[in-house]
Amino acid sequence: MRILGVKYGLWISMILGFMVLGKVYGIGANWGTQATHPLPPNIVVKLLKDNGIQKVKLFDADSEILNALSGSGIEVMVGIPNEMLWSLANSLGAAEKWVEKNVSSHVSSNSVDIKYVAVGNEPFLSQLNGTFLSTTFPALQNIQAALIKAGLGNRVKVTIPLNADVYQSSSEKPSTGDFRQDIRDLMVSIVKFLNDNGGAFTVNIYPFISLYNDPNFPADYAFFDGYSSPIDDNGKIYNNVFDANHDTLLSALQKNGFPNMSIIIGEIGWPTDGDNNANLKAAQRFNQGFMTHISGGKGTPMRPGPIDAYLFSLIDEDAKSIQPGNFERHWGIYYFDGTPKYNLSLRANNGGGLVPASGVRYLARQWCVLSPSASLDDPQLADSVGYACSHADCTSLGHGTSCADLDARGNVSYAFNSYYQENDQQSSACKFPNLSMITNADPSPPGGTCKFKIMIQASSPSSHKNNAFTTKPVNVMFLVMVSLLLSVL
């Protein structure tokens, strides 16, 4: 999943209807699969079609998902996780086997319309301390060679999704942009290779992260509906950070001899929970603002024209790493069950909102809560809450979250229920000693944003559970216990 800004999952492109030289330009959405109970692929494919989605991008090449996409007419970008870069960089044979298994076989016999291979994901992120600097480019070269050998060189293109920290500027003006000094030569070599082979420069831009990391960042500059102090860069006016970031990249490309390089915005979006700035109102404001901003095809000050971009993300993922922040599990425009979070129009030609997933099957309408007879002074309470939140998702608890207004008993009930639901409502998952009970009454506060979920029946729960909670739960436990203690006091 995401480690210090790195995201893993599936990317879904939702078409706006721009066609330029045969290329479809449109809005996309990353659809991640690191969830304890992912929606079945056939339901997701139908969701894509119901929303007019014509492209899908995967961070891996999951055969179950590719099979579901067979004959769908949806364009596909398969992905290669960072962990595989070393083997692919050091063996052309390994690259050829990967292409044969994950590209050629599906293109030829499974009618999957694969258009791109994404080699790695944000491999040069500065926080990764150079882990993938020596393997990414050789892996890219070997995958390209394998595609050519398979006769797919003209049909399937390569790219590398990169974090926006691979370039920088010496001032607030985009025209001063250039590639990061420590990787400048490597970046120029990669860009030349992509350009020579018809690939695109894929970059992930996150105004939310700018606001999250810097308390002095001007909030309105992160959105698209007006900023009181726009930046004037030699007559080019910037009133939002997306345009400025995008054109900083363009300046870097121009300075190094690639003024016409194709750019794909691989990830852009706004989370809805887990932080004071992550909520439904802000996410709707940002995502709809972005849609309006790009829907006219005017582009940015330095590059007029349509923008090819992918929202992050399609569906919430309750098993993502929370190392960057608790908001990491809440980027979806849909909740975990395919229910739209807010009104959002993705298509330029109609104002309709998101179509929900259909055919979703839920577990029984029952919840695990703190028993009315249980005492908040019970010596086992703290350990029980800590255990529940270290094995389930409690990122909606704490200051500035959707469930911030819960009292102490509500916090405990939320933690217990999260553990209970993510363990498929097994009776043994609601047996916190002398503390818990199962109820048929929905404990969600009326009229608010805090929802005690009922889990869905997953596509392959056993296969996903093994990889589920690989995160460090200390942040969540701390928030829960602080909230509980403050409420008691």
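This report covers the disulfides of a predicted model.

## Basis

The model is predicted: local features need pLDDT of at least 70, side-chain atom pairs count only at pLDDT 80 or more, and totals for chains, interfaces and linings use all residues. Residues are numbered from 1 along each chain as its sequence is written, and side-chain values use heavy atoms, with hydrogens and water left out.

## Count and pairing

The structure contains 3 disulfides. Such a link is counted when a pair of cysteine sulfur atoms lies within 2.5 Å. In general, a disulfide is a covalent bond between the sulfur atoms of two cysteines.

Number the bonded cysteines of the protein chain in sequence order. The pairing then reads 1-5, 2-3, 4-6.

## Cys368 and Cys430

The sulfur atoms of Cys368 and Cys430 sit 2.0 Å apart, forming a disulfide. The torsion about their S-S bond is about 85°, so this disulfide is right-handed. Cys368 belongs to strand β15 (residues 367-370), and Cys430 to the loop between α11 (408-422) and β16 (436-439), so the pair ties together parts 62 residues apart in sequence. Helices (H or I, at least four residues) and strands (E, at least two) are DSSP runs, numbered from the N terminus.

Cys368 has 0% relative accessibility and counts as buried. Cys430, at 6%, is buried too. Buried means under 20% relative accessible area, exposed means over 50%, and partly exposed falls in between (1.4 Å probe, protein chains only).

## Cys389 and Cys394

Cys389 bonds to Cys394, again as a disulfide, with 2.0 Å between the sulfur atoms. The link has -90° about the S-S bond and is left-handed.

Which side of the burial cut-off does Cys389 fall on, buried or exposed? Cys389 is buried, with a relative accessible area of 1%.

## Cys403 and Cys450

Cys403 is joined to Cys450 by a disulfide, with an S to S distance of 2.0 Å. About the S-S bond of Cys403 and Cys450 the torsion is about 95°, so the disulfide is right-handed. This pair links distant parts of the chain, 47 residues apart. Cys403 lies in the loop between α10 (381-390) and α11. Cys450 lies in the loop between β16 and α12 (461-465).

Cys403 is buried, with a relative accessible area of 2%. Cys450 has 4% relative accessibility and also counts as buried.
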